[in-house]
Amino acid sequence: PFCFNCQHDEFEWVELAGTGSVYSFTVVRHPLRPQLAETVPFVSGVIHIDGTQGAGARMLANIVDCDPESIKIGDPVRVVFEKVSDTYAVPRFTPI
């Protein structure tokens with residue numbers, strides 16, 4: 001792998017603020033399976049991550065703890081982690 005801007009092949013870890021903005025989203029209203037009926041409606045969005053270089057990084061994630069009807073493109077969000085096991089947590093975003 002290499003940088004798409006400068007073609008350099010060395011990377012370093014950079015700590016980010018954990019914030020971003022809603023780039024795009026959809027409200028899922030119909031469950032894919034009957035067992036998921038209690039999970040709808042929910043918001044799935046593309047989040048533009050603050051502090052990333054170049055064109056900026058975007059991440060697909062659920063937007064939680066919000067009214068699905070109130071989400072708008074450009075809304076500021078912050079990352080929250082949902083623990084799914086003793087080892088793993090899933091990043092989600094919540095409005096600021």
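Predicted model: local features only at pLDDT ≥ 70, side-chain atom pairs only at ≥ 80, totals over all residues.
Mentor: Residues are numbered from 1 along each chain as its sequence is written, and side-chain values use heavy atoms, with hydrogens and water left out.

Trainee: Why is Pro 1 called exposed?

Mentor: A residue is buried under 20% relative accessible area, exposed over 50%, and partly exposed in between (1.4 Å probe, protein chains only). Pro 1 has 90% relative accessibility, so Pro 1 counts as exposed. Pro 1 lies in the segment before E1 and is in contact with Asp 9 and Phe 11, leaving aside its neighbours within four places in sequence; contact means heavy atoms within 4.5 Å.

Trainee: Why is Ile 71 called buried?

Mentor: The relative accessible area of Ile 71 is 6%, and therefore Ile 71 is buried. Ile 71 sits in the loop between E3 and strand E4 (76–83), where strands are DSSP runs (E, at least two residues) numbered from the N terminus. Not counting residues up to four places away in sequence, Ile 71 touches Val 22, Phe 25, Val 43, Ile 63, Cys 66 and Pro 95.

Trainee: What makes up the largest nonpolar core?

Mentor: A nonpolar core is a set of buried Ala, Val, Leu, Ile, Met, Phe, Trp, Tyr and Cys residues joined through side-chain atoms within 4.5 Å. The largest has 10 residues in all: Val 22, Val 27, Val 43, Ile 47, Ile 49, Ala 61, Ile 63, Ile 71, Val 77 and Phe 93. Strand E1 (19–28), strand E2 (42–49) and strand E3 (58–63) each supply at least two residues of this core, and E2 gives the most, with 3 residues.

Trainee: What does Ala 61 contact, leaving aside its neighbours within four places in sequence?

Mentor: Ala 61 is in contact with Val 43, Ser 44, Gly 45, Pro 91 and Phe 93.

Trainee: How many disulfides are there by the rule?

Mentor: A disulfide is a pair of cysteine sulfur atoms within 2.5 Å, and the count comes to 0.

Trainee: Are Cys 6 and Cys 66 exposed or partly exposed?

Mentor: Cys 6 has a relative accessible area of 52%, so Cys 6 is exposed. Cys 66, at 24% relative accessibility, therefore counts as partly exposed.

Technical notes: Helix = DSSP H or I, 4+ residues; strand = E, 2+ residues; numbered from the N terminus.
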